[in-house]
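Here is a short report on a protein chain and its ligand. Start with the sequence and the structure below.

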Amino acid sequence: MNVIADMVSSIIIEDETVVTKPDELVIVGRGRSAVVFKLPHEDKVLKVFYPAYTHLAAQEASIYHELHNATYYPTLYEVGAGYLVLEYLEGMTLYDCLRQGKIITEEIIKQVDQALDYARQKDLNPSDTHLQNVMLLWNGEVRVIDVVRFRQSTICSHWEDLKSAYYVYYQHSYFPKKYPRWVIETIIRLYRHGFIRIKKRK
Ligand SMILES: Nc1ncnc2c1ncn2[C@@H]1O[C@H](COP(=O)(O)OP(=O)(O)O)[C@@H](O)[C@H]1O
Ligand SMILES: [Mg+2]
């Protein structure tokens, strides 16, 4: 067994709770299908899928292979049973930007558009691109993560809706740039349940 596979086998996850993990692994993020750990002494993370989603590891890896491009997406180093090893992105998600009041510039929005256009050129269908799946690096570059749904056939409007909200609301000087978590979570929940219709840009 290789070192990473060994490490993964010592992680116990029940539903979405990490019950046991090696001390040297630090959790840097969580999503709806996986938990992400920083690997010690190297610029890599280990994305371990929750037990119900282990099949997604191979799917996401095959999409990362197609997207292989150092500019817009993290590099994939390894794939195994229920896990991926990816380039560690030093920065924050757009969700964190809203929580901490870090200004989201139009340049960031344009970089995400370029990333998604690149995926379309590869005949993929960028989907599920939301606040927690876009990372702003300390050097100002942008990376799109969590590409597992890029092969779905249905159209996902998350990014177009976020972009409309950005131009219609966020860009105005009176619009607050910093929010407590509960406010962002409430807005996301209302959006997901269809209670918020985003005004389209003219
Ligand atoms: N390569 C990475 N470098 C740093 N943090 C990451 C990386 N990949 C994911 N994360 C963090 O982990 C969170 C969950 O990862 P993600 O791939 O979106 O999982 P899920 O598929 O469960 O949504 C992200 O929102 C982000 O905060
Ligand atoms: Mg995610």
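Two strands count as paired when DSSP finds at least two bridges between them. The model is predicted. In it, F37 stands opposite L46 in β5.

**Strands**

β4 and β5 run antiparallel and are joined by five bridges. They form a hairpin, with five residues between the two strands. In that turn, H41 has a positive phi of about 65°. β5 also pairs with β7, again in the antiparallel sense and over five bridges. There, K47 stands opposite L84 in β7. Is β5 enclosed or open? Five of its six residues are buried, so β5 is largely enclosed by the rest of the structure.

**Ligand 1**

Ligand 1 is surrounded by 20 residues. The closest are G29, G31, V36, L89 and D146. By type, the shell holds nine nonpolar, six polar and five charged residues. β3 (26–30), β4 (34–38), β5 (44–49) and β7 (83–87) each supply at least two shell residues. The largest share, three residues, comes from β3.

**Domains**

The domain assignment gives domain 1 (3–87) and domain 2 (91–192). Each of them gives at least three residues to the shell around ligand 1. The C-alpha centres of the two domains lie 22 Å apart. Across the boundary, 12 residues of domain 1 are in contact with 15 residues of domain 2. The side of domain 1 that touches domain 2 has seven nonpolar, three polar and two charged residues.

Technical notes
Residues numbered from 1 in each chain as written. Chains lettered and ligands numbered in written order. Predicted model: local features only at pLDDT ≥ 70, side-chain atom pairs only at ≥ 80, totals over all residues. Near = placed C-beta within 6 Å. Helix = DSSP H or I, 4+ residues; strand = E, 2+ residues; numbered from the N terminus. Nonpolar A, V, L, I, M, F, W, Y, C, P; charged D, E, K, R; others polar. Domains from an automatic or database assignment. Contact = placed C-beta atoms within 7 Å. Buried ≥ 20, exposed ≤ 12 C-beta atoms within 10 Å, placed from the backbone.
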